[in-house]
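Please keep the sequence and the model in view while reading.

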Amino acid sequence: MLKVQNLSISFVTRIGVNKAVDNVSFSVEPGKITAIIGESGSGKSVACCSLLGLIPSPPGIIENGRALFDGIDLLKLSEAQLQKIRGSDIAMVFQDPMTCLNPYMTIGDQLTESLRYHQKARRKEARQRAVELLQEVGIREPASTIDDYPHQFSGGMRQRVMIAMALINEPKLLIADEPTTALDVTIQSQILQLLADIQKQRNIGILFISHDLAVIADIADQIIVMQEGKVVETGTRSDIFHNPQHLYTRKLLAAIPTDCKQATLPKSEPLIEIRDLCTWFQRDKAPLKAVDGVSFDIYRGEVLGLVGESGSGKSTIGRSILRLVNVTRGQVIFDGLNITALGPRELKKLRSRMQFIFQDPFASLNPRMTVYETLAEPLLLHGIEDRSTVSTSVLRLMDNVGLARSFARKYPHEFSGGQRQRIAIGRALATRPEFVVADEPVSALDVTIQAQILTLMQELGREYGLTMLFISHDLAVVRQLADRIVVLQAGKVVEQASSVNLFSQPQTTYTRQLLQSIPGRGLLKSKIAHD
Amino acid sequence: MWRFIGFRMLQAIPVLLVVITVTFFLIRLAPGGPFDSEKAVIPEVQAALEAQYRLNLTLFQQYASYLGDLSHGNLGPSFKYPGRSVNELIAAGFPVTAELAFYALLVALVIGGIAGVVASLKPNSVQDYIPMSVAMIGICMPSLLLGPILILIFGIYLDWLPVSGWNDSPGDKILPAVTLGSAYAAYIARLSRAGMLEVMSQDYIRTARAKGLPEWQVISRHALRGGMIPVIAFLGPAFAGLLSGSFVVETIFQIPGLGRFYVQAAFNRDYTMILGSTIFLATLIVFFNLLSDIVAAWMNPRLRDKLRAP
Amino acid sequence: MTAPTISDLAQTEQGTSLWQDAWLRLRRNRLALIGLIILILFIFIAAATPWIAPYGYAQQNLELGASPPSAAHWLGTDIFGRDLLTQIMFGGRISLAVGFIATAVALLIGITWGAVAGYMGGRLDAAMMRLVDIIYALPFMIFIILLMVIFGRNMLLLFLAIGAVEWLTMARIMRSQVQSLRQQEFVEAAVSLGLPTVTIIRRHLIPNALGPIIVYTTLTVPSVMLLEAFLSFLGLGVQPPETSWGLLISYGAESMEEYPWLLFFPGLALTLTLFSLNFLGDGLRDALDVRSAKD
Amino acid sequence: MQFSVLKILCLVLTLTPMLACGGGESNVSQGNREGILHFGNGAEPQGLDPHVVTGIPESLIINALFEGLTVKNPYTLESESGVAQRWDISDDGMTITFHLNPQAKWSNGDPMTAEDYVWSWWRALNPAMGNQYGYMLYPLKNAEAFATGKIDDFSDVGVKAIDEHTLQVELNTPTPYFIQLMDHHSTFALHRPTIEKHGKATDRFTRWTREENIVSNGPFRLKSWQLNRRLSVEKSDTYWNRDKVQLNGIVFYPTENISSEERMFRVEQLHYTQTIPLEKIPVYRAMKDSPYANAPYLGTYYYLLNINKPPLDDLRVRQALSMAVDREKLNNTVLHGSNVPAFSITPPDTLGYQPPKVFSQNIEAAQELLAQAGYPNGQGWPGLELTYNTSESHLKIAVALQQMWKNALNIDITLANQEWKVYLDSVDQMNFQMARRGWIGDYVDPNNFLDLFLCDGGNNSTGFCDPVYDELIKRQAPQAISREERYALFNEAETRLMQQMPIIPIYTYTSNHLIHPSVKGLPPNLMDYINFRYIWLDKEQEAIE
């Protein structure tokens, strides 16, 4: 159906030409799911977007190649001709349903507009179709929710809407660009199931783009692995998973978190005791009980995993412990000190002993401060170094988190996500804290990078003798690092156990549900079986 | 939403009270009184005049009696226009000024909006620089200058439009509206360009394109609404600014608006008129700031829910 | 882990400032550079005017009166027979000084006020912004008359008066910027580091909110110059025979049909300044916005 | 809630009512056809109560709406019949008897009576009224005492209704110009029932002057009054002399901005303008059939010198300053020859009076005087501040003079521009060194100018005080038997005044108007006096070009 041959795309910038896609060929069969795998920057998105003329040009230039779609070369079409194909024959689903839906339009308007534009459908029938389709993708009560705005839907629901939007003109080919990356694991597995179902029912071709092999492990028919703009390996699912040829493919497979940390630490006395912690947010009617009566201990030197879906209050607990949000009730006792009762001055003293690593390395670094300034700031603030000695420490810190020293003068935007997260880790460790809250530190990163960062955190944790609260929605990641795990649901603790126990004998249905949705479970099992 | 509005309204009350009090005493500090004229006034006459306007009371008594009248909605008699009450002068002038300001805002919105949107479509190109430069000229051209230039060109040399008047002959609102609105066009152009640039880089614009919508629909249906929010938020303060800044245009075009009364009241030391129009305009400023906040929030569905919640 | 070498240190210690970095970027923006050059040229001319002006600024030739540009008077003369070029040069001294200093005053107050209100939020924010509302609502004309009476004529006062009006909008813009920045994680990170509030505002919030402020500033400078003319006309500010661009423009407007050059040349000077500032402002904003700098 | 290009277009379309083209018939040609005069009136009238208002715009409208006992002939400025058909002056000049025209009626048809005048003058002089022009009636016996509250009984004031149509007034001293004052609005009769219907007689803020309430007695009556837009009057059908009224109506426009006024005139929206921008004078003067009307005016433009403050406490400095001013050059350049250089406070030929010329421009003498005063070639000059109120033309004159003094005497004068009321306050408090001033005569008599500089003169503002001068003006001149003798006394006084130089006279005012060629019966005169009864519009007259 779609045959891409020798596609090359370059980005011309002031510093030079960057070949984003280099002589790539692949094909998509109707009725099959073809997956393109590669880390960010591997050119997988650019290659797919270029098919529909959606890359910015300039700077993007398609140098050569063909993309035959039902015999027509997409790359040679005019903008007007492409518009006819976009959204009708070929539709796209993008990564982040939060930003890809227009927040100012009702989903009904957004759903029907391409139908009305492409098929000149009447308002009423377009709406009827939209409602049916919403029903099909699993939106409840579509007849009334069709007039809602995107923000009134959860992330998973939004992605369903996106899928419905893509399907509305009954395309022959659906390009899904990382459709589940921004979602929680439980939601991710639902969306994957939905895509697989749709593909079967409608018998369409799907081009699925992802950085994570595990995600497509259960659904892809054909897998294409890309690295640095080139296709390094192509094969069927079983070929790739069971008989990977290329080194890079093997690396990707290895990055799928599989190991489970064995609880090695003897029980020490708790560093932090959390007692009946409640953090409520003021809302108009009833308060939002983000954290509602949570109690647990964190022992010195251990890594405690905190797991839950988004909205379960796990981040709020982390922020409450560090007093970044105001606690409604309860106590947080840090090394004998009741943090919730501290005044600003005492709190400031304590700040150097506990630090926070944020989820989004893009947002958590001041875009107008260089790495050097970012890392020097806490050192100078807490009087750990003075102006004359600070550079030595900063450079040493950069060494520790694996950043080249020559990067010191660069700004955050000049780094990749993984490097940024290293900066953030460096900043958190600069004050040599005893306790660190890591809030989803790897969920915004590619799998290969995830593995590196997790390794780094493990190493540094050991080296600095850290106690850590590791927050994540992804059990697979947590169990790699955590000694014990606390499972959270709707602001309440549902289960706590050592990692090994939790995985082998989950006590509650909720935990079991979480375990079910770990991507590539089937594969994992087989892999573990192999091992 | 009502709670939000009510809260803001409550905040407005102390603001207005402070404005009234400060203005009341400030204007008394200014040298010269309402009855000073080039020809010396005989002391007995001066005393009689002061008695008629209660200026013979102590300042505090005057303040108290003013507040008393105000609570009945009575802004007192004008000093400059004996026989007219301040309420009457405002009632006569305000509708005209409001209409003028409304048209001026439309002009600013059309010129600035078009320039900003057009410029944003191809940033840092000729298509950006030229519309922005045109919109920018309004800043360099105070009404004092632009008004007469427009009159000379369109009123006298071309003889297309009336040189003055308001509602006297068809077309006599065009030149004043353009003159008054052009200064704001630059701000609106700036805001809409920045807003559109921001929105055009959003993911949902890519989604819209991926749906196969033609570019003009992408812009008009998807980009404009978000891109114009900063402009909408600016409209309230801008309208308030237009209302209180229409003096020059009203004078040049012989428009019977409130701006003339307001500025001249200060020069005439027409105490009641200064106070009355200050209170009136301050109320309007508070109101329009609130209104544009609400509208801007209303245009953003996410904030709309916050407003809607009781 | 090797100890850092001396050269590493030297390299990192210098050139880390945001502004130096912005300057490097700015130099690559041609329009901004042209704007900067014109501004510098204007400032240079203004500084050197007492030595390079072709005539004395008060030197009249009543019999000559208003005359169009000629060899003796390149830009013509005004109704007193004074050389217009000289007037514009001397006027530029006042206008540029007022424009930049008053705007700087407004910036200083407005940014601080807006940033503090936006960051602190709550009651303090409400109180601070209501004060802005109050000042905004007070009758400006009375304020000017009072200033004039209480303090007499004084250039410093002029700057203050103008700054006192212009900072209000700056504060509003700054506040809304800071309010949205405050939600960002890097600010939370700064809090969790234990940075004092002042430092958070100064180092983390203000530099990130400068974009819109710069744009607004470029529009403020010319309007301040025109406001100065109005105040001078009312008696607060420069007194004849001293002059400013704003005054020259408003006098020129009176006789634009009879003596168009009296309007055209001062108007040109102001417009050039506005456009230069504008391009410079845009360039500066882009240069400071390290994120959008795609190189 | 769709927000689209279409919506914006809809907004644009709401502008279409404004987008229709201009053009159409001009006010002037329409007015000529219908006999309506379109009159640039300078400002919005503050009110229409003749006992309240003070300004020129108001007096012009009131002159159309009301009529005094006498009116002036605009060609000769001689008094002629108004409400009074004729009047007799007793031989001692102390008693005047006015015989009212039995045909004189109010606009509601009520007859006018002598009693109306008695009541109206009671109102005009009543202290509670706060009439700023009450002093116009001070020549009446005991009027001043009543107005200042020294006596309460109005029957002691020298005005009596002998019968329905005979009014007798008694004066303090013979007052030759009293008949002239009878066309000042402060002396007009008002319709008592109307005023009392709308409030207390002495209230300043009642609604009796509104278009629906007002009752007047002049050649026109109020038709409509649109605030800040226009005030229209129409010919009154109850006016006794209605057959002589040639206009069917007048529209008064509040033309505050003189440039706007000039533009309105240029596109024929106005027949008549209050004034003309200085720069436009040469343009209009050069026209064939020039609409520019320029005539001497009863007023003087001068600088007040505060003789209590150094360096102006030195007579030689005052003289030097005055002599160094090149009035001719100022008038011919900056003022475009629109005015007349002045060397005295009284305008030349004020009803036959010729003021003395005690000095002339003489730079050498000025330098010599300044040197004698201790500032040879400006050395040691302590500086001098010239205060003037915010205005384009005051500014121009000040800038020109500033440079003249610099060139002639090498002294620096700083200019201080003050907002109008601040300026009035400064002058009133004598808080200045040198200040701009102008004086427009209320009536044509040198006394109106010379009594400014009496020791206790409310408008003296210089510190000048000369008992001999006071004696001449207050005692001797009123006693003079003949006009010649009286003028000789004035001349003597004015000579003393100008020798002391408490003021620097600069120029004598002229009236400057643009008058459409179709307007007839509007002759220039010293008072810039308009009698609307005389005006007619010549339909045949072509437009100006």
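## Chains and their contacts

Chain A and chain D do not touch, and their nearest C-alpha atoms are 9 Å apart. The model described here is a predicted one. Five pairs of chains touch, and among these pairs the most contacts are between chains B and D.

## The contact between chains B and D

Where chain D meets chain B, 58 residues of chain D are in contact with 51 residues of chain B. On the side of chain D that touches chain B, at least two residues each are supplied by α1 (5-13), α2 (16-19), α9 (258-266) and α15 (420-428) of chain D. The largest share of this side comes from α15(D), which supplies six residues. By class, the side of chain D that touches chain B has 23 nonpolar, 24 polar and 11 charged residues.

## The contact between chains C and D

Chain D also meets chain C, in a contact that takes 20 residues from chain C and 21 residues from chain D. Two or more residues of the side of chain C that touches chain D are given by each of α6 (140-151) and α9 (197-234) of chain C. Of the elements of chain C, α6(C) gives the most to this side, with three residues. The classes on the side of chain C that touches chain D are 11 nonpolar, five polar and four charged residues.

## Paired strands in chain D

In chain D, strand β8 (residues 220-226) and strand β9 (residues 230-235) run antiparallel and are joined by six bridges. The hairpin of β8(D) and β9(D) has three residues between the strands, and N228(D) takes a positive phi near 60° there. Strand β9(D) is also joined to strand β10 (residues 249-253) of chain D, by four bridges, and these two strands run antiparallel.

L231(D) illustrates both pairings. In β9(D), L231(D) is the bridge partner of W225(D), and L231(D) stands opposite F252(D) in β10(D).

## The largest nonpolar core

In soluble globular proteins, nonpolar side chains tend to be buried together. The largest nonpolar core of this model has 496 residues, and the members that touch the most other members are V394(A), F470(A), A104(B), I188(B), M170(C), I250(D) and A324(D). Helix α9(C) gives the most to this core, with 18 residues.

What is I250(D) in contact with, leaving aside its neighbours within four places in sequence? The contacts of I250(D) are I36(D), L37(D), F39(D), A64(D), F220(D), V233(D) and F532(D).

## A glycine in a helix of chain B

G276(B) has its place in helix α13 (residues 271-299) of chain B. Is G276(B) buried or exposed? G276(B) is buried, because 25 other C-beta atoms lie within 10 Å, and a residue counts as buried with 20 or more.

Not counting residues up to four places away in sequence, G276(B) touches L75(B), G76(B), V86(B) and I90(B). By contrast, the C-alpha atoms of G276(B) and V134(B) are separated by 38 Å, and these residues are 142 residues apart along the chain.

## Domains of chain A

Chain A is divided into domain 1 (1-89 + 172-254), domain 2 (97-170) and domain 3 (270-360 + 434-530). The C-alpha centres of domain 2 of chain A and domain 3 of chain A lie 36 Å apart.

Definitions and conventions. Residues are numbered from 1 along each chain as its sequence is written. Chains are lettered from A and ligands numbered from 1 in the order in which they are written. This is a predicted model: local features need pLDDT of at least 70, side-chain atom pairs count only at pLDDT 80 or more; totals for chains, interfaces and linings use all residues. Two residues are in contact if their C-beta atoms, placed from the backbone, lie within 7 Å. Ala, Val, Leu, Ile, Met, Phe, Trp, Tyr, Cys and Pro count as nonpolar, Asp, Glu, Lys and Arg as charged, and the others, Gly among them, as polar. Two strands pair if DSSP finds at least two bridges between them. A nonpolar core is a set of buried Ala, Val, Leu, Ile, Met, Phe, Trp, Tyr and Cys residues joined through C-beta atoms within 7 Å. A residue is buried if 20 or more other C-beta atoms lie within 10 Å of its own, exposed if 12 or fewer, and partly exposed in between; C-beta atoms are placed from the backbone. Domain bounds come from an automatic or database domain assignment.
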